[in-house]
Structures are given as C-alpha cells and as structure tokens.
Amino acid sequence: MTLFLLVVLAAVALGIIGVAADGLGYLLAVGIMLFAVDVIFFAVLVSRRAGRRPVR
C-alpha cells in the first residue's frame, strides 16, 4: 500500500510540474500514464488476493 501511495504521489507531482512549467507537457502525459498503470496494477493485485480465500 505504501508503494501504491508513493507512485500516486509521484504521478501527481509530475502532473503538476507538467502543467506549471512551460514546454514540459510531456511530464503531464507521463504522470497520467504512471497513475493509470498504478491503478491497474493495484486493481489486479486486489483481485488476485480476493481469489485466494478458501470456500467454506
């Protein structure tokens, strides 16, 4: 969970820098892509853990 939050924080920081700095729009794109990959990775991780519970 700590890694997830750290990557989200990095994505937000890149997005803010990309918007604020003139000519660094690619940082905004990198931040958005990093956030999307992180959310997908977290969703896959949560879905895998949910499947390991034994059926009673």
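Mentor: In helix α1, the buried residues (under 20% relative accessible area, with a 1.4 Å probe and protein chains only) are F4, V8, A11, G15 and G18. This is a predicted model, in which local features need pLDDT of at least 70 and side-chain atom pairs count only at pLDDT 80 or more, while totals for chains, interfaces and linings use all residues. Residues are numbered from 1 along each chain as its sequence is written, and side-chain values use heavy atoms, with hydrogens and water left out.

Trainee: Why is L9 called exposed?

Mentor: Exposed means over 50% relative accessible area, and L9 has 57%, so L9 is exposed. L9 has its place in helix α1.

Trainee: Why is D38 called buried?

Mentor: The relative accessible area of D38 is 7%, which is under the 20% limit, so D38 counts as buried. D38 belongs to helix α2, residues 25-50, and touches F4, V7 and V8 (heavy atoms within 4.5 Å), not counting residues up to four places away in sequence.

Trainee: How far apart are D38 and L3 in sequence and in space?

Mentor: D38 and L3 are 35 residues apart in sequence and 9.6 Å apart in space, C-alpha to C-alpha.

Key:
Helix = DSSP H or I, 4+ residues; strand = E, 2+ residues; numbered from the N terminus.
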